[in-house]
Structures are given as C-alpha cells and as structure tokens.
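Colleague: Please take a close look at the annotated active site in this model. I would like to know where the residue sits and what surrounds it.

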Amino acid sequence: MSDPNSPSIKKRDTPSWALYQREQFWKLNEGETPLFNTHPDKLEELAKKKLAENGWLYASSNAGLSHTHLANRQAFFRHKIVPRQLVDTNSRSTRTTLFGHDVSAPFGIAPVGINEIYHRDAEPAVAKVAGELGLPYCLSTAGSRSIESVAGAHDAGRRQSAAAAGGGVGPPPRFFQLYMPHDDELTLSLLARAHAAGFEACVLTTDTWQLGWRHDDVAGANYAFYRGAGAEMGLTDPVFRRRLAEAGVDPSERPVEAATMWIDSIWHGRAWSWDKAVWARDRWREISGGKPFLIKGIQRVDDAERAAELGFEGIVVSNHAGRQVDGAVASLDALEEIVARVGDRLVVTFDSGVRGAADIVKALALGARFVFIGRLWIWGLSIMGEAGVRHVLRGLLADLDILMNVAGINKVADIDRSLLESLPKSYSLLAEKSKL
C-alpha cells in the first residue's frame, strides 16, 4: 500500500514494509535520491567498484567453474508464481515463527565470514540492522569481530526496534554458525561464549572443512587470514589465547602467525563424521539447556533422513551458494524431495542463490520454513556499510510485502506448492557465466 494513512495499516501485525517504496519515490521532492539501486546486478556492479580487488574476489568467487552457482539460479527460473486475484490482502502479515521465536519475515541473515574485508563496520553493522528489522541473524565462526560485540550490536538493534514499536514482533533470535575446530576444548569455549552472549541456536556447517578450489582467490593468494586479518573471534577466546601462549606467539607482535593459527584450527581439512556432529550437538544442548542444533549443507535425501533419525532439530538445505562443490545439484532442486521426506520431523530451512522476494516465496512454496540470505546484504555492506545493509534489507522486505499484496498472499502460511507452476528439472548445457 502506498497510502501511509490507510486504515488497514493499523490492522497489520507487522510494519507496512511496502511504504519504503513510497519513501524512495518521495525523496526527490526533498532534494534527495535513493541511496543506490538494489537490483542484484546493480548491487554487484557497485560493490565491485567499492571493494579492493581481493575483497571483491573473495566475495564473488565460486568453486571451480561456477557451475553450481549457475545451477542455483537456473533452478529458480523453472518455477513460476501463479498469482491469485481479488484476494483481500490489506491486513496481510509477513511475520512467521522460527524455533518458537516471532520474526518479522521468513528470511534472515546467512552466516558469512570476515565481514571486515567488505567494510570497516563489519559484522556488528549487519547484526544491528537485523535486530532493528526483526530478522534473525547468524554469526559465522569465521567472523571478523568477537561473539560478544556482535551480540551487543544485535541487542542494540532489537532495543531500537522495540522503542519504535515496530509492529509488535518480539526480539528476533540470533544463531551461531559453527565451523568445528580440531581442538575440542576450543569448540566448547566457542559454544559457551555463544550461549552466554544470547545465541538461540547452533548451526554446524558440514561442507567446509576446508575451502573449495576458487581459481581467482588462489591465483591472487587471496586469503586475508594469512595476511593477519579477520581473527578477532579467536583472539578474544580464552582457550585460543592460551594456545597462542603455549606456541609462544604474541598476536600483537606476530599477527600473521596468530591469524594463521586461528583459521587453520577451524578450516583444518579434517572431515568430521555423524558421530562428531552428534557430539557437538550434545555438548551444545548441555551448555545451552537444550536449544536447537542444525546441520547446514544438506543436499541429499539420505543425509536429511539421517539428521532426522539422529534427532537434530533442523537442517539448512544449502550448497554454500556454489562456493564449495562445483558441478553440484542446485540447492532449490534438492529442497522439495527433502521436505517431502523429513519436513514433518525437523525444521527445514534453505539458502543458496536467493536474489529477491520471488525467490524467497518459491523456496517457501517448495516447503522451506525459513530462508537465509547472503550475497545481497554483502553487496550492501560493501557499498555503504550499515546504511547499505539497511537499504538492501528494507528493500527486500518491501519487495516481499508488495509481492504478497499483488499475488494474493495474506500470510506466510498461505505460501504453498499450489502457488507455483513448475517445469521438470533441467540444467542448461550452455555453461554461460551469469551474474545472477
């Protein structure tokens, strides 16, 4: 709705995100223009201009020939939304629940490492905006700021949202994404810190014991940790600080060695088994009092069934946005069958390849309970820091709100398979590089 005085606004249980569109149209009357174009193509172009070459390459590189990245986008194209007409959507709601928490929309912040290479505002800026907007935030173990500082920023955003009475949605949860170290004591320390800092769930990523082969990064020796950057999460950990002392490494004098020790302890090339995942889950339950534990990186039905059989509370159907296994199945193509087999036994969430509200709706229609977003907000952070993240996420919320209005969708629960018309799975034989 474009009319800010519409009586329907008062009936809604989430903010009228669509009014952000009106704000952008009105800016010229006040001698202003929108911050930047939020189309994903334009975001990528602007970010490339803003970032140093190594920052750009790390953000944009994919595994191998980028065929998994391309497959992710192709999978979205084969599903088309069939809008419903003459549905009274004036009181529609974008809110949903995730592990018992009310959230303002069915999407949130995917875990992305080393945000400081994109902007000095780094992870706290993203967490703060997520808190303001009532969106779940997931912090990566490879994050470039401490667990505690990111939690504080998220709390600050949540307080700001509550003060503004943003639609009555409760404070959104924050998740801690675990790259499990080869040092069990360090793992336990990270989990304890996350729980103490108010993180509501743990997400174990299982496709990144080490980085995939990314040609551009390798060609430029582009690895910030080996240059002494991005290790703040480790440098603020008591166990890791002890490990540094045992090795005789003073991080203030030998930052490259310290950062290298940190990243080599979490992207260590040592593959874990299901038994180790269960161990981590059990330790998290003991530390947190039983909070949810998810497995991220699921693409196979049998892996999803194993997660359900072992009692994990949730999974993230994800191929790491094509950054780990080249030539892999599209994450969206894996989703529907996984939901059919285990959707009634655990919470199925989704990421990889999402570029707009229509993609979010398609993933939800195929059975995902929640969708995590990555590259869109990375580009916003790269372009303009905290303000850039806010502009991208408010635009995405407006996009979703407007799509629900014009497609006849009143609430998230109304988004189901009947909303889609789909072609059979089919990957183009033409491996043309796509920006989307």
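Predicted model: local features only at pLDDT ≥ 70, side-chain atom pairs only at ≥ 80, totals over all residues.

**The active-site residue and its setting**

Modeller: The C-alpha atoms fill a box of roughly 70 × 50 × 50 Å along the principal axes. For 436 residues, a compact globule would have a radius of gyration near 22 Å; the chain has 21 Å, so the two agree. Buried residues make up 56% of the chain. Take the contacts with a separation of 6 or more: 77% of them join residues 24 or more positions apart.

Now the site. UniProt, in an unreviewed entry, places the feature "active site" at His320. That annotation may be inferred rather than shown by experiment. Histidine 320 lies in a loop. Is His320 buried or exposed? His320 has 14% relative accessibility. Buried means under 20%, so the residue counts as buried.

Next, the neighbours. Leave out residues up to four places away in sequence, and His320 touches Tyr179, Thr205, Asp207, Thr208, Lys296 and Ser352.

The accessible surface comes to about 17,800 Å². Carbon and sulfur atoms hold 52% of that surface. The chain carries 51 positive and 53 negative charges, and their mean positions are 3 Å apart.

Technical notes: Residues numbered from 1 in each chain as written. Heavy atoms only, no water. Rg over C-alpha atoms; globule rule 2.2 N^0.38 Å. Buried < 20%, exposed > 50% of the residue type's maximum accessible area, 1.4 Å probe, protein only. Contact = heavy atoms within 4.5 Å. Areas by Shrake-Rupley, 256 points an atom, 1.4 Å probe, with all protein chains shown as cover. Lys, Arg positive; Asp, Glu negative; His and termini not counted. Charge placed at Lys NZ, Arg CZ, Asp CG, Glu CD. Helix = DSSP H or I, 4+ residues; strand = E, 2+ residues; numbered from the N terminus.
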